[in-house]
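Me: I want to learn how to read salt bridges in a model. Can you take me through them?

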Amino acid sequence: MALSNQNRQEACFQLMNQTFDVLVIGGGLTGASICLDASTRGMNVALIEQHDFAIEASGQFNTLLLNQSYSKSKFWKQAYKEQSIIKRQYSPLTQTVDMVNVEYDRDIEPNKMVKIKEQMIDPLKSSRYEKHEKPLTKKSSHKREPFLSLNRVKHLSLHQDSWIDQSLMTLNTLKKAGQFNADVMNYLKAVQFIYHDKKVIGVEVEDQITGELFHIKAHYVINATGSSSESVRKLDRYDQEPVRPLPMRKMIQLVVRKESIPINQPITIHYPLTQQRVTLIPYGQYVWIKTSERTYQSHPLENELSDEEFYRLAHVLARAFVKHTLEKENFIDIHTANIIDYNLIENQTDQWYQSNSGLISTFGVPLPFYRLHAGEVVDMLTKRYKKEKGILYSTSDYRTLTIMEQTKLHLNDIQSLLMADDELTEFMFQDLSKRYGDQLFKLISYYKKAALYMEKYPMEDQWLAAEVLYAIEREAVYKPLDFLARRKRYPLYAHRSIENDLDQILAVMRDKLAWTKEECSYYNRECRLWMDAHQVTDA
Ligand SMILES: Cc1cc2nc3c(=O)[nH]c(=O)nc-3n(C[C@H](O)[C@H](O)[C@H](O)COP(=O)(O)OP(=O)(O)OC[C@H]3O[C@@H](n4cnc5c(N)ncnc54)[C@H](O)[C@@H]3O)c2cc1C
């Protein structure tokens, strides 16, 4: 089924009128990859999402593929192998970056007693990129990064990482699953489970557009709702088992202006005193700061950044950068997500939990492991299903699939497809090719359609109108805010003409989605509040 909100009624009808092999709740990367894996094996799969796709943890800005520290060499090996598979599968979305690694010596300060025991099991010890690193001298490092403190540096090196636009990765995975006949639909919220003989046989969903309730039936139901996993699991009334807690890490991502931490290239700091690893990525006038913290089982999984976590991070940055400290007022944006701590996992079968009623709950894993994680969950399902029903499913095609191809076009080719007075700069062409890959052809057809809208609504930017039309018809976007967050990304922080763009986007969406005046002003207000919160307009 195409990822579109054009045929909603018909699509809901299809969902109600069959029993699926697998129903996945959650349209983030975990759900999308399970949905794709199961559908490539010939299973009849449905996926539901309560908002626009990839709008929570998987909707964050570019994610680094190797931005974790694994204490076991087998995880490093797997991560490198998966990195190259992901780069091949989503080539337009990935970008290679050279990272400077700095490891500081263990400078024990008398007033900050570090337990010897903790030092001995320091996870950073084995977090090196091993043979993938190239040593760097202090002199060349100073040339690259004059503000980096080289006092008591133990180890300096360079390694390559790749970053990927995770929200587009998720969307394209869902689109691919659609090509394998998965039924993928958003604005459907799972509100309770339905049972037969105390076993989960489906989900009651609430249509977030019409408010209607209906049932979707399936042999297996998978809860892939990220940070909502626990609350969705609580809807399962026959799940009385105490939760077997999984070791989790909390990913933290902050955005600050470059003046706060003036760096020239991506840097990873390993700091043994607080056992932290902090990655800084410069991007235009901004710097992304990423780190992760162990979350302890006795604590509920918090999505906020605690004061303690902030001070630990600020301490590392103050130690690493001459005369530069991080203050809370410097943040432009902050996001957190809880993911499984691979350092504390022995084998991968620990990554999900199945309740007595058969509901399977899965949690996010570090990005390079998504495909493997999906494969393991679906392997487990096929084994059971085969035994119960005597059906033989084929093996997964996920590994060999190209999910998104690089566009083969050059600027001149595109220009020849457009009208003579439609100008496309090299920069715009590169930008669109990166975000749309081989779908650029499709976008061009929307560019032509957009001309009609321009007649009706005098907009300035025809490409923007084309992107909105594409998002509505091919990515089932309902909200302008979600469109902006997914498609505009970084430039949002720097966007001076956002007010203007927003009016255009609202105009197209109002027309295509038949919004009422009230809905329009509601979304307008929501977008403006969000932009204020992210300091978009004063950049
Ligand atoms: C800021 C940030 C930076 C990160 N950086 C890295 C990194 O560098 N490297 C790395 O490996 N990982 C990183 N991660 C982690 C990675 O992004 C997450 O592990 C991953 O996105 C989790 O995906 P998910 O599908 O499990 O969860 P989500 O993306 O949160 O998806 C869950 C979905 O379920 C939906 N849902 C919830 N309840 C319901 C319901 N009742 N009915 C229907 N749908 C429902 C939600 O709307 C949501 O879309 C980062 C995360 C964040 C937030």
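Reply: Start with the rule. A salt bridge is a side-chain nitrogen of Lys or Arg within 4 Å of a carboxyl oxygen of Asp or Glu. This is a predicted model, where local features need pLDDT of at least 70, side-chain atom pairs count only at pLDDT 80 or more, and totals for chains, interfaces and linings use all residues. Side-chain values use heavy atoms, without hydrogens and water, and residues are numbered from 1 along each chain as its sequence is written.

Me: How many salt bridges does the rule give?

Reply: The count is 18.

Me: Which residue does R8 pair with?

Reply: R8 bridges to D207, at 2.8 Å from N to O. Helices (H or I, at least four residues) and strands (E, at least two) are DSSP runs, numbered from the N terminus. R8 sits in helix α1 and D207 in strand β9, so the bridge ties together parts 199 residues apart in sequence.

Me: Are R8 and D207 buried or exposed?

Reply: Buried means under 20% relative accessible area, exposed over 50%, and partly exposed in between (1.4 Å probe, protein chains only). Both R8 and D207 are buried.

Me: What about R371 and E82?

Reply: Their side chains form a salt bridge at 2.5 Å, N to O. R371 is in helix α9 and E82 in helix α3, 289 residues apart. R371 is buried at 10% relative accessible area. E82 is buried at 3%.

Me: Where do R233 and E230 lie?

Reply: Both are in helix α7, 3 residues apart, about one turn of the helix. R233 is buried at 8%, whereas E230 is partly exposed at 30%.

Me: Which residues form a network with R41?

Reply: D37 and D379 are linked with R41 in a network of salt bridges.
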